[in-house]
Amino acid sequence: MKLQSELNKAVLFQNLELLANQVVEGFISGIHKSPFHGFSAEFAEHKIYNVGESTKHIDWKLFAKTDKLYTKKYEEETNLRCHMILDSSASMYYPAVKQMHVADLNKIGFGVLAIAALMNILKRQRDAVGLSVYSDNYDFYAPEKGSERHHQMLLAKLSELSIAKKPAKQTDTYAYLHLIAEKIKRRSLIFLFTDMFQTTTDDQKLFDALRHLKHNKHEVVLFHLLDKRKEFYFDFENTPKRFVDVESGAHIDLYADTIKEAYQESLSSYFEALKLKCMQYKINYVDVDVRSDFSKILNAYLVERHKFI
């Protein structure tokens with residue numbers, strides 16, 4: 001039985017890598033420049049421009065002031081450090097799916113596949129990737145590395161998360177984001193995948209934790225994952241139903257239509273505050289409906305990022 005279980009995990013692991021590769025190939029075709037290249041280049045000093053050099057790094061603002069051509073010299077121009085953060089609490093396993101497939105993803109499935117696809121791009125550039133996973137604990141941490149062995153280890157962990165049978169019941173997002181922020185010392189590109197639902201409801205603590213991720217000049221991208229039909233529009237038949245909080249266990253019996261309007265107003269207010277805080281903290285906010293086309297969502301983000309490189 002144990003051997004069969006390991007074989008099942010191995011098959012899923014291979015499928016995850018294959019799916020990620022297919023998604024990335026669809027994006028890479030026709031685009032020759034990486035959407036991440038040059039992010040971690042730190043300005044070091046100016047040097048006099050020599051005729052024949054590339055004009056790419058000429059400081060035109062300095063030219064306007066001095067009437068002389070200088071280029072910007074950078075350090076660490078090719079080594080990007082990227083850290084993936086994944087919320088693995090019970091709410092992320094909604095809605096229930098029989099098997100992870102690109103056309104049938106729940107929130108954890110979207111996060112896992114998106115991270116695998118981004119890792120695929122970074123692997124092609126030999127860039128360093130790390131991973132943090134949290135729920136009711138800081139469950140997993142791997143620092144940024146670029147080796148093949150490290151890449152395979154992260155894929156195996158992601159596959160394991162996608163098929164977890166008993167996910168943690170609670171989550172304290174703000175507490176673990178603070179811990180993760182403290183661990184990432186060097187400037188990095190940080191991706192956070194979460195539904196932004198948590199057991200405690202202190203929004204300000206959550207916003208403060210997001211701001212903490214921006215320290216040390218990190219660039220932060222928040223993928224906000226939802227099944228919008230059910231979790232936002234509250235699209236349920238108007239018959240007596242019991243709604244159960246998968247994290248707290250609390251339940252309520254009611255007709256969906258009796259609370260739909262108030263529910264949407266409350267959720268809209270929270271999401272608008274979240275978006276405003278992301279704009280204030282210069283966090284890139286990506287709104288994701290996990291029931292929409294996965295490739296279109298991820299590729300739209302990558303193309304948008306590519307425009308500004």
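## Ile85 and the β3–β6 pair

Ile85 sits opposite Leu192 of β6. Strands β3 (residues 81-87) and β6 (residues 189-194) run in the parallel sense and are joined over five bridges; two strands pair if DSSP finds at least two bridges between them. Strands are DSSP runs (E, at least two residues) and helices likewise (H or I, at least four), numbered from the N terminus.

This is a predicted model, where local features need pLDDT of at least 70 and side-chain atom pairs count only at pLDDT 80 or more, while totals for chains, interfaces and linings use all residues. Residues are numbered from 1 along each chain as its sequence is written, and side-chain values use heavy atoms, leaving out hydrogens and water.

## The sheet around them

Step back and you will find an open sheet of six strands with mixed pairing, in the order β5-β4-β3-β6-β7-β10. Its edges are β5 (138-145) and β10 (284-289), each pairing on one side only. From one strand to the next, the twist averages 15°.

## Two helices on the sheet

Helix α3 (residues 107-124) lies across β3, β4 (128-134), β6, β7 (219-226) and β10, at about 170° to β3. Helix α4 (residues 148-162) touches β3, β4 and β5, and makes about 155° with the direction of β5. Angles run from 0 to 180 degrees between N-to-C directions, with axes fitted to C-alpha atoms, for helices over the stretch in contact; contact means heavy atoms within 4.5 Å.

The α3 and α4 axes come within 9 Å and cross at roughly 170°, so the two helices are roughly antiparallel (over 145 degrees). Among the residues that meet are Ile108 and Val112 of α3 and Leu154 and Leu155 of α4.

Key
Parallel < 35°, antiparallel > 145°, perpendicular 65-115°, else oblique.
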